[in-house]
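Trainee: I am new to this structure. Could we go through the terms used for it, one at a time?

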Amino acid sequence: MTPLKEMQAWKALEAHATTLQSKHLRELFAADPKRGERMTAEACGLFLDYSKHRIDDETLRLFQALAAEAGLKDRRAAMFAGEKINVTENRAVLHTALRAPREAVIEVDGHNVVPDVHAVLDKMAEFAESLRSGAWTGYTGKPIRNVINIGIGGSDLGPVMAYEALRHYSQRELTMRFVSNVDGSDFAEAVHGLDPEETLFIVSSKTFTTLETMTNAHSARVWALGKLKHAEAVAKHFVAVSTNAKEVAKFGIDTANMFGFWDWVGGRYSMDAAIGLSTMIAIGAENFRRMLAGFHAMDEHFRTAPLERNLPFLMGMLTVWYTSFFGAETVAVLPYDNYLKRFPAYLQQLTMESNGKHVTLDGRRVDYQTCPIFWGEPGTNGQHSFYQLIHQGTRLIPCDFIGFAQSLNPLGNHHDLLMSNIFAQAEALAFGKTPEQVKAEGTADWLVPHRTFEGNRPSSVILAEKMTPEILGQLVALYEHSVFVQGVVWQVDSFDQWGVELGKVLAVRIIPELESATEPELKHDSSTNALIRRYRAMRRKQG
């Protein structure tokens, strides 16, 4: 594997970046009156305007040259073919199989996994519809009115985001809640005001041993049986998304109500697998399949579209461009749709758990920046919070604006006001306001620097007609494949997550030290030892 910084296209981009760093977007737009029409791409109902980026045609050409030298097309083909491109865990990476049509053939170790995927989807649909219709009842015969998903990481972030994004399509008679944090307050608030006789828990843990998830699951069991009394009631109020039938049965869940998935599905790529059971219950099987169709449409676009019109490629390379050549440390994702309020949080795991790596696939320490920090809030709320920093701060923060032409809840002129802000913010970031313009408004000389906007702050605008299940699938897949592009260029394994393991191991070691009735012998560093002693002393005051 040729080290990235030794590639000819990388060196060419380094040289090219120095020429563009001194150019302003005002200059680029003035030199090309049709830039705003030309630097766009469209696919699957998503329209991408990337004209407000600090790039030119040569940049785009070099993006493709770097992709070729990095082997993007071969690695993309390997992923779609089910090859084991997750090298540190020797696993295939086939979240694309989760949304493949029934007639597709996708093999892992010679086995076509598509029938397995659809068997689980059919089983999910049957269960979801029985619960939604009232046919599935709790132990005492009452219909289920409350569904609580218990998971963490990908088993929580995806379902929460999808439920909020598609709440407009949900069955409003059902109360949907989510528990992830091992903090007891999270569980206490989730069950507050609910009747155990009308509540179903979905316990989502592939191994059924995840510490946070199983701690919450056992608390849920105690809470439910506090009223239901009989252990056999567990089978009517708990189902599992897992592969560990032995532990599921030991918990008291009927394994007929266990929904499985596979080791070629990473947690942060699993919201369209059985992990999405709560989503399917909320919006129904038909809408869930519409979401899967959206995922698949973007998969096919990424797999087949020429790179110059390929949305995930363009977005992925723009992230590489600013991170590795402009020193940008973050990307702001700014959805102008309140239904997408959890989308930035979902992307945090997708992006940073995937590409937050400091070694290459072959174990070499990288000598360049990899994944930026992803963050954001819905517009227009963010405008009254952190946009000051984006506009006039000292950091370069590329932005992704996401908006829709039609509101799901038309109300007066609300939507036009909302969308006027997305266009205005992107324009203001790009072009700013010169000192001359400020002075021409009659501003006093001493105040001019404070009211000047440098501009030249890059952004993408992603537009769709309206928020639908299909569009949600397309948006998620767009970012999934953008992350893949970045990982290929940076030569990292985007599909492992060893960085989350050490803290877990140490936590398991510390738990008995916190719970011990006698003073434990502590063998940590002096800070950790002192913190444990301080915690034990403060906790004793509670008793």
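Mentor: Start with pairing: two strands pair if DSSP finds at least two bridges between them. The model is a predicted one. In it, six strands form an open sheet in the order β1-β2-β13-β12-β10-β11, with mixed pairing.

Trainee: What makes β1 and β11 stand at the edges?

Mentor: β1 (40-43) and β11 (373-375) each have a single partner strand, so one side of each is left without a neighbour in the sheet. Direction ignored, neighbouring strands of this sheet are turned by 15° against each other on average.

Trainee: How do you know that β12 and β13 pair?

Mentor: Pairing needs at least two bridges. Strand β12 (residues 399-404) and strand β13 (residues 459-464) have six, in the parallel sense, so they count as paired. As one example, G403 has L463 in β13 as its bridge partner.

Trainee: Which residues lie nearest the centre of the largest pocket?

Mentor: They are T210, G267, Q497, E501 and K504, out of 41 lining residues. The pocket holds about 1100 Å³ of space. The largest share of its lining, five residues, comes from α21.

Trainee: What makes a residue part of such a lining?

Mentor: A lining residue has an atom within 4 Å of a point of the pocket. By class, the lining of the largest pocket has 15 nonpolar, 17 polar and nine charged residues.

Trainee: How much space lies in the second largest pocket?

Mentor: About 420 Å³. It is lined by 17 residues, with N338, S407, H414, H415 and L418 closest to its centre. The lining divides into seven nonpolar, nine polar and one charged.

How values were computed
Residues numbered from 1 in each chain as written. Predicted model: local features only at pLDDT ≥ 70, side-chain atom pairs only at ≥ 80, totals over all residues. Heavy atoms only, no water. Helix = DSSP H or I, 4+ residues; strand = E, 2+ residues; numbered from the N terminus. Axes fitted to C-alpha atoms, helices over the stretch in contact; angles between N-to-C directions. 1 Å grid on protein atoms, 1.4 Å probe; cavity = no way out; pocket = protein on both sides within 12 Å on 5 of 7 lines; lining within 4 Å. Points joined across faces, edges and corners; volume = space filled by probe spheres on them. Nonpolar A, V, L, I, M, F, W, Y, C, P; charged D, E, K, R; others polar.
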